[in-house]
Amino acid sequence: MSIHLIVSEAEQFAIVNSLAFYNDFHACSPDGFDMEQWRIAFCEDNCGNVPDGLVDKLATKIATSK
């Protein structure tokens, strides 16, 4: 089964950053993991509007797609 989504450029960046964060968090040693840089990326992706920002809405959009 395939699902096709139309995403904005901002949503695309948020998806890429989310997947990269997930990979780094689980694949890298704690010494090589720079959490502050990921916080900055999250704030930029989320337009500084936590928790009702882009990332939360994007997660809902993806989870409810059919």
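Predicted model: local features only at pLDDT ≥ 70, side-chain atom pairs only at ≥ 80, totals over all residues.
**Exercise 1.** Determine how α1 is oriented relative to α2, and list the residues that form their contact.

Solution. 
- Step 1. The axes of α1 and α2 lie 10 Å apart, and the packing angle is about 160°.
- Step 2. Angles over 145 degrees count as roughly antiparallel, so α1 is roughly antiparallel to α2.
- Step 3. The crossing of these two helices is left-handed.
- Step 4. On the α1 side the contact consists of Phe13, Ala14, Asn17, Ala20, Phe21 and Asp24; α2 supplies Met35, Trp38, Ala41 and Asp45.
- Step 5. Sorted by class, the residues of this α1 with α2 contact are seven nonpolar, one polar and two charged.

**Exercise 2.** Determine how α1 is oriented relative to α3, and classify the residues of their contact.

Solution. 
- Step 1. Helix α1 spans residues 9-27 and helix α3 spans residues 54-63; their axes come within 10 Å and cross at roughly 85°.
- Step 2. An angle of 65 to 115 degrees counts as roughly perpendicular, and therefore α1 is roughly perpendicular to α3.
- Step 3. From α1, Ala10, Glu11, Ala14 and Ile15 meet Leu54, Val55, Leu58, Lys61 and Ile62 of α3.
- Step 4. The residues of this contact comprise seven nonpolar, no polar and two charged.

**Exercise 3.** Describe the lining of the largest pocket and state which helix gives the largest share of it.

Solution. 
- Step 1. The volume of the largest pocket is about 150 Å³.
- Step 2. Its lining is made up of Ala14, Asn17, Ser18, Phe21, Met35, Trp38, Arg39, Ala41, Phe42, Asp45 and Val55.
- Step 3. Two or more lining residues come from each of α1 and α2 (35-45).
- Step 4. Helix α2 gives the largest share, six residues.
- Step 5. The class count for the lining is seven nonpolar, two polar and two charged residues.
- Step 6. Ala14 belongs to this lining, to the contact of α1 with α2 and to the contact of α1 with α3.

Terms used:
Residues numbered from 1 in each chain as written. Heavy atoms only, no water. Axes fitted to C-alpha atoms, helices over the stretch in contact; angles between N-to-C directions. Helix = DSSP H or I, 4+ residues; strand = E, 2+ residues; numbered from the N terminus. Parallel < 35°, antiparallel > 145°, perpendicular 65-115°, else oblique. Contact = heavy atoms within 4.5 Å. Nonpolar A, V, L, I, M, F, W, Y, C, P; charged D, E, K, R; others polar. 1 Å grid on protein atoms, 1.4 Å probe; cavity = no way out; pocket = protein on both sides within 12 Å on 5 of 7 lines; lining within 4 Å. Points joined across faces, edges and corners; volume = space filled by probe spheres on them. Left-handed = near helix turned anticlockwise from the far one by under 90°.
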